[in-house]
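Open the model in your viewer and keep the sequence panel beside it. The tour below goes from one selection to the next and says what is found at each stop.

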Amino acid sequence: MQSPVRFSSCRGVAFEIKPHADPFAIAVPAQNESRSSSKRFWFPWYQGSSSKVFPSSIQRSVSRPSSHFCDLDLDEDENEEDIILERLEEGEDEEKEEKPIFPSASKREQTPKPARKQGSRLSIILLDQGLFTVYKRLFVVCLTLNITGLVLAATGHFPYARNRAALFSMANILALTLCRSEAFLRIVFWIVVKVLGRSWIPLPIKTATTSLLQSLGGIHSSCGISSVAWLIYALVLTLKDRENTSPEIIGVASSILSLLCLSCLAAFPLVRHLHHNVFERIHRFAGWTALFLLWAFIILTISYDPITKSYSKDLGSRLIKRQEFWFTVAITILIIIPWLTVRRVPVKISAPSGHASIIKFEGGVKAGILGRISPSPFSEWHAFGIISEGKNEHMMLAGAVGDFTKSLVSNPPSHLWVRQVHFAGLPYLVNMYDRILLVATGSGICVFLSFLLQPCSANVCVLWVAKGIEQNFGKEIKEMMSGHPKDKVIVHDTAVLGRPNVSQMSVDVAKKWGAEVVIVTSNPEGSRDVVNACKGAGIPAFGPIWDS
């Protein structure tokens, strides 16, 4: 039997697609084997990629868009936010038989289904969420502005840009760094909620702001490409005027250009899907090296005297008068801030099942905040939603789908590395609305639970669809979801109640609750279908997107 294909999402926002053997499914025997040997068990959290949340009439997507806000991904290397529910369209009789967690072998016989033909990976990555998303519009607008500036500079209609082309490259690097600075965005999200979190603010303004903040990755990517274009233009001009510069300056600038090109190539969607670990390390270490070389470039260019062909030692007064210096200072501060907060802290890890672990830390955390943990801070970071009552402790729920998250179950560590500055994402914007529906499947519930445990300015309704609640997530998580009004917290255990049409259920609950907006955390296909169903019903909806 062909092994399923797993897809992952970002970022810490990035994706990886790699085949892997299903550790739970018993291989389907040949047809000439005995009837009793042709059975297999379906465990509560079976993760085969053939499983589906929604009716087969909806074309399945094989891409796994990322969620910047939570990186609810159970593992940053695998970046799977949720366990995929078993597909609905396997027959009425089969659905009835699958309700027990461990059905008898005599009830599980069925004819193997032909593998679904998948589209090309590139078309899936580029077209899965539409051609005209806010992310892609921001990308195009930012790139168009930079191309326009380049054309005007090259044709002599923008002399300032022609004379300061390297400065425009640095400006783009500063912009892309701001779009990925968790400390900066935490402040931005806080200001947005404080300013727009009032009932008299029109709903279209709130939803437009939500879309913009969720799609900042489009600006980040566009500025990365634009910085390369401006630096190429600056190098071309420098080479034409080679007698007024030094070989050292040209060499350093060429090295920076090479590192920027390498980072852009590593971030290309297809490469990022297939080789996420490579992408992450190149982005980090190439970026640090480029920053070091940028400082060398600034010092060399400012101190070089083309008349005497030598370098001046009087740098202080020159540096503070140059925009390039201050741009580089800002970039350096933004990059250093997260690393100043890295600490190794004690943790308490429990595993309610072999499919998930609960990681507990000291200190309360505000609802809607996400955090990063790592076993080795220079090699990998994993982002999770945070569950907290806001007082004494907070915890993370990690589904065991990748090497790191599986090790938390099999060999739990006593300490982990954390970034003490937690970051805000899409869930943080819940407080901007008056009435809202939060939809989660599987372990995606982790980022929404805090809104039930802490006072919340918004009237929140939570819909959670998962299989084997207590068996897989433990009694503690189940109790957190208990004791609330039935119309406020809806828990659908598919092991007991069967598999629902989550899209239609979300629309019905949203209408009954009178929700202004719906936020969903599911696998990418599930998130897309819930969002589309709600928008089709006239209800604004948001879910994880690629490189958000």
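Predicted model: local features only at pLDDT ≥ 70, side-chain atom pairs only at ≥ 80, totals over all residues.

Start by selecting Glu-280 and Arg-284, whose side chains meet in a salt bridge with an N to O distance of 3.2 Å. Both residues belong to helix H11, which covers residues 276–303, and they sit four residues apart, about one turn of the helix.

The mean pLDDT of the chain is 78, and 76% of the residues score at least 70. Colour by pLDDT and select helix H5 (residues 165–178), which has the highest mean among the elements of the chain, 96. Then select helix H1 (residues 92–97), where the mean is the lowest, 36. Residues 1–125 have a pLDDT below 50, and in the model this stretch makes 339 contacts beyond near neighbours in sequence.

**The whole chain**

Switch to a cartoon view: the chain has 19 helices and 17 strands. Of its 548 residues, 54% count as buried. With a surface drawn, the chain exposes about 23,900 Å², of which carbon and sulfur atoms supply 62%.

**Other salt bridges**

How many salt bridges does the structure hold? There are eight. For one of them, select Glu-182 and Arg-419, whose closest N and O atoms are 3.8 Å apart. This pair links distant parts of the chain: Glu-182 is in helix H6 and Arg-419 is in strand S11 (residues 415–419), 237 residues apart. Glu-182 and Arg-419 are both buried.

Go next to Glu-470 and Lys-478, which form a salt bridge at 3.2 Å, N to O. Here Glu-470 is partly exposed, at 37% relative accessibility. Lys-478 is also partly exposed, at 37%.

Then select Arg-164, Arg-322 and Glu-324 together; a network of salt bridges links them.

**The nonpolar cores**

Select Ile-359, Ile-373, Ile-436, Leu-438, Ile-445 and Trp-464. In the largest nonpolar core, which has 65 residues, these six touch the most other members. Helix H6 (residues 182–196) gives this core its largest share, five residues. Another core lies apart from it, with 37 residues that include Ala-153, Trp-230, Ala-253 and Leu-259.

Return to Trp-464 and show what surrounds it. Which residues does Trp-464 contact, leaving aside its neighbours within four places in sequence? Among them are Ala-440, Thr-441, Gly-442 and Ile-445. Further along the sequence, the contacts of Trp-464 include Ile-469, Phe-473, Ile-477 and Met-481, as well as Ile-490, Val-491 and His-492.

His-355 is in the loop between strand S6 (348–353) and strand S7 (356–362). At 15% relative accessibility, His-355 counts as buried.

**A positive phi**

Select Lys-309, in the loop between strand S3 (304–305) and strand S4 (310–311). Its phi is near 55°, a positive value in a residue other than glycine. Most residues other than glycine have a negative phi. Lys-309 is partly exposed, with a relative accessible area of 47%.

**The cysteines**

How many disulfides are counted in this model? The count is zero. Select Cys-261 and Cys-264 to look at one example: the sulfur of Cys-264 is the nearest cysteine sulfur to that of Cys-261, at 6.5 Å, and Cys-261 is in no disulfide. Cys-261 is partly exposed, with a relative accessible area of 29%.

For the last stop, select Cys-534, which is buried at 0% relative accessibility.

Notes: Residues numbered from 1 in each chain as written. Heavy atoms only, no water. Core = buried A, V, L, I, M, F, W, Y, C linked by side-chain atoms within 4.5 Å. Buried < 20%, exposed > 50% of the residue type's maximum accessible area, 1.4 Å probe, protein only. Helix = DSSP H or I, 4+ residues; strand = E, 2+ residues; numbered from the N terminus. Contact = heavy atoms within 4.5 Å. Salt bridge = Lys/Arg side-chain N within 4 Å of Asp/Glu carboxyl O. Areas by Shrake-Rupley, 256 points an atom, 1.4 Å probe, with all protein chains shown as cover. Disulfide = S-S within 2.5 Å. pLDDT = per-residue confidence, 0-100.
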